[in-house]
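Hi everyone, thanks for making time.

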Amino acid sequence: MEFLGLSLPLLALFVSFGFMVGVLFGFFGMGGSFLITPTLLILDYPASVAIGSGLAFYFGTSVIAVLKHYDVGQVDYKLGAILFVVLSIGIELGSRLVFGLEALGIANLVTGIAYVVLLAGIGALFLRRASKLDDEDEAEGEDDVDDDEIPAVGQKIQSYNVPPMINLTSGGRASLWTIGGAGGSVGLISGLIGVGGGFIRMPAIYYLIGTPLTAAVGTSLFAGLFSGAFGTFTYGMSGSVDLTVVSLLLVGSALGARIGSAATTMVEEDDVIIYFGIMMVLASAGIALSELANWLGTGALDLVSVLLLVGSSFFVASMILYQVIQSIGAAESDARATPDGGD
């Protein structure tokens with residue numbers, strides 16, 4: 001039995017997968033293109049359709065997640081607008097670099113290696129940050145929580161006063177040169193490896209520009225919103241967006257993204273950093289296996305890579321939902337106990 005040209009199991013897969021990616025998207029501020037695109041490819045969708053549909057999904061989910069982050073005041077619009085400009089310049093330069101690498105016949109090799117190194121490096125950076133936070137908590141207890149909102153490297157960079165300086169909505173100031181350098185570099189990498197770049201953009205805002213983690217997530221989503229719209233329009237004009245697949249993914253992500261965005265105010269920062277780091281490291285391993293599969297010409301490793309990529313994401317999304325349920329349960333218990341204690 002088919003509906004909208006898809007079998008019921010495939011229909012259920014797209015909706016549930018959209019929900020999971022939506023949770024991760026709202027929680028971490030990354031577009032999920034590195035999850036959606038390889039999954040569509042393994043399901044035998046053409047590469048252009050996989051990329052175009054991934055970008056369209058990214059744009060739709062961005063709108064949902066940004067609205068939720070706006071509700072809780074976690075978007076720095078001025079910073080996001082500046083980042084969008086420099087991101088666009090970087091993406092254009094990155095795409096030109098790809099054309100040059102293609103002329104040399106090494107584009108696939110370079111982008112594959114860059115993807116694996118970036119994911120592994122970012123994951124290791126966040127796990128190292130989490131271990132330092134644990135050590136600080138043991139040594140200092142609950143003191144200096146406000147200082148922990150911005151990593152030490154972000155505080156150090158902010159301490160250099162290089163005009164022009166921009167006031168951040170989340171507090172503190174950042175040099176326009178820092179913002180331009182961070183955003184331009186992220187755009188260059190995004191254009192080089194062909195993804196929305198949320199998994200690079202959010203850490204750059206957090207570590208280099210120096211904003212609290214929740215503000216980094218919301219601002220990353222806002223900055224990527226416009227690039228997603230442009231990419232969707234470009235691929236849509238060439239007929240490379242499968243609206244049925246995108247619609248099903250968005251049905252699930254509409255709820256997932258709002259839950260993920262709300263979870264950033266319920267889950268401890270240490271847990272956020274650990275979850276993100278684990279997922280990046282596992283994603284790096286999955287993509288490394290995919291590159292190895294392409295080199296060896298075997299489909300078995302390619303399947304394992306997608307299972308590792310998708311499975312780790314499902315696990316992290318489940319852990320986030322578990323933390324949210326625990327937080328809600330604790331709040332309800334406190335609410336029931338308060339009236340009794342006040343009588």
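So, the protein chain has 13 helices and four strands. Keep in mind that this is a predicted model. There are 343 residues in the chain, and 47% of them count as buried. If you take contacts between residues at least 6 apart in sequence, 78% of those join residues at least 24 apart.

Let's go inside. In soluble globular proteins, nonpolar side chains tend to be buried together. Here, the largest nonpolar core has 74 residues, and the ones touching the most other members are L24, F28, L83, F126, I209 and I320. Which helix gives the most to this core? That's helix α1, residues 8-28, with 10 residues.

Pick F126 and look around it. Leaving aside neighbours within four places in sequence, F126 is in contact with M202, P203, Y206, Y207, L213, I273, F276 and G277.

Now for the aromatic pairs; the count comes to three. I'll show you two, starting with F17 and F314. Their ring centres are 6.3 Å apart and the planes sit at 35°, so this pair is tilted. F17 lies in helix α1 and F314 in helix α13, residues 299-342, so the pair ties together parts that are 297 residues apart in sequence. Are these two buried or partly exposed? F17 is buried, at 4% relative accessible area, while F314 is partly exposed, at 31%.

The other pair is Y77 with F222. Here the ring centres are 4.8 Å apart and the planes are at 85°, so we call it edge-to-face. This one also links distant parts of the chain: Y77 is in helix α4 and F222 is in helix α10, residues 213-237, which puts them 145 residues apart. Y77 is partly exposed, with 33% relative accessible area, and F222 counts as buried, at 12%.

Where does the largest share of the patch come from? From helix α4, residues 77-104, which gives four residues. V85 is found in that helix, and V85 counts as partly exposed because its relative accessibility is 48%, and the exposed class takes over 50%.

Conventions
Residues are numbered from 1 along each chain as its sequence is written. This is a predicted model: local features need pLDDT of at least 70, side-chain atom pairs count only at pLDDT 80 or more; totals for chains, interfaces and linings use all residues. Side-chain values use heavy atoms; hydrogens and water are left out. A nonpolar core is a set of buried Ala, Val, Leu, Ile, Met, Phe, Trp, Tyr and Cys residues joined through side-chain atoms within 4.5 Å. Buried means under 20% relative accessible area, exposed over 50%, partly exposed in between (1.4 Å probe, protein chains only). Helices (H or I, at least four residues) and strands (E, at least two) are DSSP runs, numbered from the N terminus. Contact means heavy atoms within 4.5 Å. Rings of Phe, Tyr and Trp (its six-membered ring) pair if their centres lie within 6.5 Å; planes under 30 degrees apart count as stacked, over 60 as edge-to-face and the rest as tilted.
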